[in-house]
Amino acid sequence: MFMGTYHNSIDAKNRMIVPAKYREKLGDGCIVTRGLDACLVLYSYEDWEKQMEKMEKLPESDPAVRAFIRHFYGNAAECGFDKQGRIVIPGELLAYAQINKELVTMGAMKKIEVWSKELWETPENEGKMDSEAFAEALEKYNF
């Protein structure tokens, strides 16, 4: 389980340091891909396999499923750690997430989200956590 928030940056060679607390749980490396929001997500190899198993059960006859497969898997990259605990993020993923320099890296249960600091701190993003609307949404799931 990944949790906590860290502030870090990407260097000129598209490398980011994955916080040590996360690296311990990721093992030798991870998979990075586009998130559903304008962020990147990192998965351990084990959790990536679980995601793949879930996706294989979805009907590819559904255009939305095909679009999601393209979005999620078509942009995935395997990343190993260097000696300093860094991974190289492909340029197209950085462009998707609008990441130039400063990052916000946060644990989100079974995955890690990586956000552009500028995007994360926009009023629109902060407004996504309207307490009343959030409570109503969770109620749908008996939470």
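Modeller: We can, keeping in mind that this is a predicted model. Start with Phe68, which has a relative accessible area of 24% and is therefore partly exposed, since the partly exposed class lies between the 20% limit for buried and the 50% limit for exposed.

Biologist: Is Phe72 buried or exposed?

Modeller: Phe72 is buried, because its relative accessible area is 4%, and the limit for buried is under 20%.

Biologist: How should I describe two rings that form a pair?

Modeller: The general idea is that a pair of aromatic rings is described by the distance of the centres and the angle of the planes. In the whole structure, a search finds nine aromatic pairs. For Phe68 and Phe72, the ring centres are 5.1 Å apart and the planes stand at 15°, so this pair is stacked, given that stacked means planes under 30 degrees apart.

Biologist: What about the rings of Phe72 and Tyr73?

Modeller: With Phe72 being buried at 4% relative accessible area, its ring and that of Tyr73 have their centres 5.2 Å apart, and the planes are at 90°, so the pair is edge-to-face. Tyr73 has a relative accessibility of 22%, and therefore counts as partly exposed.

Biologist: Which residues do ring pairs link into a cluster?

Modeller: The cluster linked by ring pairs consists of Tyr43, Trp48, Phe68, Phe72 and Tyr73.

Biologist: Now I would like to step back to the whole chain. How many helices and strands does the protein chain have?

Modeller: The protein chain has seven helices and eight strands.

Biologist: What does the radius of gyration tell me about the protein chain?

Modeller: One compares it with the value for a compact globule, which for 143 residues would be near 15 Å, and because the protein chain has 16 Å, the two agree. Along the principal axes, the C-alpha atoms fill a box of roughly 45 × 35 × 25 Å.

Technical notes: Residues numbered from 1 in each chain as written. Predicted model: local features only at pLDDT ≥ 70, side-chain atom pairs only at ≥ 80, totals over all residues. Heavy atoms only, no water. Helix = DSSP H or I, 4+ residues; strand = E, 2+ residues; numbered from the N terminus. Rg over C-alpha atoms; globule rule 2.2 N^0.38 Å. Phe/Tyr/Trp six-rings, centres within 6.5 Å; stacked < 30°, edge-to-face > 60°. Buried < 20%, exposed > 50% of the residue type's maximum accessible area, 1.4 Å probe, protein only.
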